[in-house]
Every structure is written in structure tokens, then in C-alpha cells.
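Please walk through this protein chain from its overall form to its individual residues. The sequence and the model come first, and the explanation follows.

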Amino acid sequence: MIKNLLFDLGGVIMDIERRNCVAAFEALGLPDADSFFGEYSQQGPFMALEEGMISVDEFHNRMRGYFPHTVSDSEIDDAFLRFLTGIPQHRLKALRQLRRRFGIYLLSNTNEIMWLSMIADEFTKEGLTREDYFDGMVTSFNAKALKPDTRIFNYACDTLGIRPDETLFIDDSQRNLDSAAALGFNTLLVKPGEEFAENIAKYLSE
């Protein structure tokens, strides 16, 4: 019996556009910017930041070493935030409606720069805050682990007080879903262009 819904953020709740971020860093002068960004995970200092291995200040300092000229912290952050395009308001409404029936939780590979700025801001569109939509949240930079590492799923269970067999994990990466399924989670894939609310409704009706 499904009691909890555990959501990925980017690509499920929040729309993302990798190409925007790559283009912004290329315009800023970062050589081979494309190599730092995968479809579902980052590389180099970006990965270290999302895994909580370095601080934001350390991230800025490491990134400056890749540029052939001086760049500011805000320039780096502004380019990085271009990865996110926003949360459509109908998805916020869907989260509120689902929370009447299920425990609603978040498990995201993300970083402190995005988490404290645009991600937080996008959840205020209905006059609420991010914390008003979830019964609990786990981020990779706090867990010190990245999906699909099983450590982050075990951390989520311990921190959120949820059981895999009672939880439906919703993600846009099959690799992440496979890792969760191996631990006993129920899983649901959200492909590009799909809406999580429709996929969940179909899953529960089967």
C-alpha cells in the first residue's frame, strides 16, 4: 500500500534546461563548458558542491581557476542558475492535492546555491513556502551523497521516517529508479513532456 510519494525535483517538479546553463557558461568564457554538465549529474566542482564535499566559497574559488579571466561569484551563480527554468503553478497545486492523501517528500540532487535562491523562490508562487508543500525534504548536499548512490536513499528513509515498501519514488532518471527499486521502493518514471500528476494517477489506478 502506497502511503508516501517521494519526489525528485529537477525534471519532475521543476523544469530544467541544461543547454541554457552550458550557453551561459560559454558566454562567460568557461572553456569546454559542456563537459561539466550531464543530463542527470554534474562533474568537477559542480558535482563536489552537490555532494556537499565543498562549500559555496570553495566552489567559487575552484571555478575561477577554470576561467582565462576574472569572474565574480555572482557571475558564476547567475550562469549556474540558468539550469533551472521554473515550476509551473499547476504542479504546485497538484502537490497540495496529493498531500491530502499521501505523505509528500522530496529527494533532490541539488546544491546550496540553487536551494537557497531560485528553488526557494519558485515555491512562493501561491503565497506559500517550499516547506508548505512537503512533509520532509532531503538534499544531496546535506546527505553527502548523490543519487543513484544507495546511501542517499537509506539516509532519506532514516531522516524522513519512511519505509521503501510504502513509498512511491518518482524520478526522471531510470538509473536513479533502478537504484531505489533495489532497496524495495516502488518507482515511477516521468519522461520529458510528461506530468507527474497524470503518471501517478495512472500508476495508482492499475
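How much accessible surface does the chain have, and what share of that surface belongs to carbon and sulfur atoms? The accessible surface comes to about 9600 Å², and 46% of it belongs to carbon and sulfur atoms. These values are computed from a predicted model.

The overall form can be taken next. The chain is built from 11 helices and 7 strands. The C-alpha trace spans about 55 × 35 × 25 Å along its principal axes. Of the 206 residues, 51% count as buried. Among contacts with a separation of 6 or more, 68% are accounted for by residues 24 or more positions apart. As for charge, the chain has 21 positive and 33 negative charges, and their mean positions are 5 Å apart.

S7 (residues 186-189) is joined to S6 by 4 bridges, and the two strands run parallel. S6 is in turn joined to strand S1 (residues 4-7) by 4 bridges, again in parallel. S1 pairs with S4 in the parallel sense over 4 bridges. S4 then pairs with strand S5 (residues 136-139), also parallel and over 4 bridges.

Individual residues mark these pairings. Phe-169 in S6 has Thr-187 as its bridge partner in S7, and Leu-6 stands opposite Phe-169. Phe-7 has Leu-106 as its bridge partner in S4. Ser-108 is partnered by Thr-139 in S5.

Why can S6 be called largely enclosed by the rest of the structure? Residues count as buried when their relative accessible area is under 20%. In strand S6 (residues 167-171), 5 of the 5 residues are buried, so the strand is largely enclosed by the rest of the structure. In a regular strand, side chains alternate between the two faces of the sheet. In S6, Thr-167, Phe-169 and Asp-171 point one way while Leu-168 and Ile-170 point the other way, and all are buried.

The loops on either side of S4 come next. Arg-100 lies in the loop between helix H5 (89-98) and S4. Arg-100 counts as exposed because its relative accessibility is 67%, and the cut-off for exposed is over 50%. Thr-110 lies in the loop between strand S4 (103-108) and helix H6 (112-115). Thr-110 is buried, because its relative accessible area is 2%. Leaving aside residues up to four places away in sequence, Thr-110 touches Glu-50, Trp-115, Ile-119, Thr-139, Ser-140 and Phe-141. Among these contacts is Thr-139, which is also the S5 bridge partner of Ser-108.

Helix H4 gives an example of helix packing. Its buried residues are Ile-76, Asp-77, Ala-79, Phe-80 and Leu-81. These buried residues pack against helices H1 (18-28), H2 (44-50), H3 (56-64), H6 and H7 (118-122), and against strand S3 (84-86).

Some backbone details remain. Asp-32 is found in the loop between H1 and H2. Asp-32 has a positive phi of about 50 degrees although it is not a glycine, and with a relative accessible area of 56% Asp-32 is exposed. The loop between H8 and H9 holds Lys-144. Lys-144 also is not a glycine, yet has a positive phi of about 60 degrees. With a relative accessible area of 40%, Lys-144 is partly exposed. Pro-148 lies in the loop between helix H8 (140-143) and helix H9 (150-160). The peptide bond from Lys-147 to Pro-148 is cis, with omega near 10 degrees.

Terms used:
Residues are numbered from 1 along each chain as its sequence is written. This is a predicted model: local features need pLDDT of at least 70, side-chain atom pairs count only at pLDDT 80 or more; totals for chains, interfaces and linings use all residues. Side-chain values use heavy atoms; hydrogens and water are left out. Buried means under 20% relative accessible area, exposed over 50%, partly exposed in between (1.4 Å probe, protein chains only). Contact means heavy atoms within 4.5 Å. Accessible areas come from the Shrake-Rupley method with a 1.4 Å probe; for residues, only the protein chains shown count as cover. Lys and Arg count as positive and Asp and Glu as negative; His and the chain ends are not counted. The place of a charge is taken as NZ of Lys, CZ of Arg, CG of Asp or CD of Glu. Two strands pair if DSSP finds at least two bridges between them.
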